[in-house]
Amino acid sequence: KDLVWSLLSRPLNYLNFSVFSSRIEKMEERILCEIKKSFPGVRQNISLKKYTTFKIGGPAKYFIVVRNKEDLIKAVRTAQKMRLSFFILGEGSNVLVSDKGFSGIVIKNEARNFRINKETIIAESGAILSKIVQTSIGAGLSGLIEGIGIPGTIGGAVYGNAGWPKGAWAIGDLLKEVEILMTSGKIKKQNQKWLAYGYRNSRLK
């Protein structure tokens, strides 16, 4: 009986595994098709090494590039709708990615647009901080001059209150207002006080 059970159990386990694997594959196909409805250019299993300054990290299960605020919002809402984890990646500075990669959607934020209105800079979160600094100096604005040399995007800088050593300059000192996509799906404007800035910290963290 023991011998018969041993011989029979192996094919049965293999069959169960095959059925389970088949279901996973079909589920992943449905997920990919759903993402493609909004983002036909979505890619799979993309190594994140070349997207981080440390040049380390495994693959992203799904990888989307967005180039404006509207697509960034749509990408986040797509991930939420499908109950997939997501990560918004800027220039990849100050980011460590596991060698195991990321099993959800990595949203590469290339929403770069910004403009200067008198003494106010209005920027999308993917705008490069160094370019904003250079342009503002050229326009005769000096408030961001301390930001020269700080890598990454303005979104990352606002998120982590980027700046120089404690007690010196920080991006949060100059911030007037931000638009935030809340977990509820609504977009809200919040002021500097709401962000509760501290040294390399904010309410967004």
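This is a predicted model: local features need pLDDT of at least 70, side-chain atom pairs count only at pLDDT 80 or more; totals for chains, interfaces and linings use all residues.
Let me begin with Phe87, which is partly exposed, its relative accessible area being 34%; here buried means under 20% relative accessible area, exposed means over 50%, and partly exposed lies in between, with a 1.4 Å probe and protein chains only. Residues are numbered from 1 along each chain as its sequence is written, and side-chain values use heavy atoms, with hydrogens and water left out.

Let me turn to the sheet. It is an open sheet of four strands in the order E1-E2-E4-E3, with mixed pairing. Strands E1 (43-47) and E3 (86-89) are the edge strands, each of which pairs on one side only, and from one strand to the next the twist averages 40 degrees. As for terms, strands (E, at least two residues) and helices (H or I, at least four) are DSSP runs numbered from the N terminus, two strands pair if DSSP finds at least two bridges between them, and axes are lines fitted to C-alpha atoms, for helices over the stretch in contact, with angles running from 0 to 180 degrees between N-to-C directions.

Strand E2 (residues 59-66) runs parallel to E4, and six bridges join the two. Within that pairing, Ala60 has Phe102 as its bridge partner in E4, and Phe63 stands opposite Val106 of E4. E3 also pairs with E4 in the parallel sense, over four bridges, and there Phe86 stands opposite Ile105 in E4. Strand E4 itself is mostly covered, with six of its eight residues buried.

What does Asn109 touch, if we leave aside its neighbours within four places in sequence? Asn109 lies in strand E4 (residues 102-109) and counts as buried because its relative accessibility is 4%. Its contacts, meaning heavy atoms within 4.5 Å, are with Val66, Leu72, Ile88, Leu89, Gly90, Ser125 and Gly126. With Ser125 there is also a side-chain polar contact of 2.8 Å, where a polar contact is a pair of N or O atoms within 3.5 Å; within protein, one must be able to donate a hydrogen and the other to accept it, and residues adjacent in sequence count only if both atoms are side-chain atoms.

Next, a helix residue. Val76 is found in helix H2 (residues 69-81) and is buried, with a relative accessible area of 6%. Not counting residues up to four places away in sequence, Val76 touches Phe86, Ile88, Ile107 and Leu181. The C-alpha atoms of Val76 and Phe86 are 7.3 Å apart, although 10 residues separate the two along the chain.

Now the aromatic rings, of which the structure holds two pairs. In the pair of Tyr51 and Phe63, the ring centres are 4.8 Å apart and the planes stand at 35 degrees, so the pair is tilted. Because Tyr51 lies in the loop between E1 and E2 and Phe63 in strand E2, the pair ties together parts that are 12 residues apart in sequence. Tyr51 and Phe63 are both buried. Phe87 and Phe102 form a tilted aromatic pair as well, 6.4 Å centre to centre with 55 degrees between the planes, and this pair links distant parts of the chain, with Phe87 in strand E3 and Phe102 in strand E4, 15 residues apart. Phe102 is partly exposed, at 24% relative accessible area. The rule is that rings of Phe, Tyr and Trp (its six-membered ring) pair if their centres lie within 6.5 Å, and planes under 30 degrees apart count as stacked, over 60 as edge-to-face and the rest as tilted.

A charge also sits over a ring: Lys74 lies over the face of Phe39, 5.3 Å from the ring centre, the requirement being that NZ of Lys or CZ of Arg is within 6 Å of the ring centre and within 35 degrees of the ring normal.

Finally, the backbone. Most residues other than glycine have a negative phi. Asn94, in the loop between E3 and E4, has a positive phi, near 65 degrees, and is exposed, with a relative accessible area of 76%. Ala196, in the segment after helix H5 (192-195), also has a positive phi, near 50 degrees.
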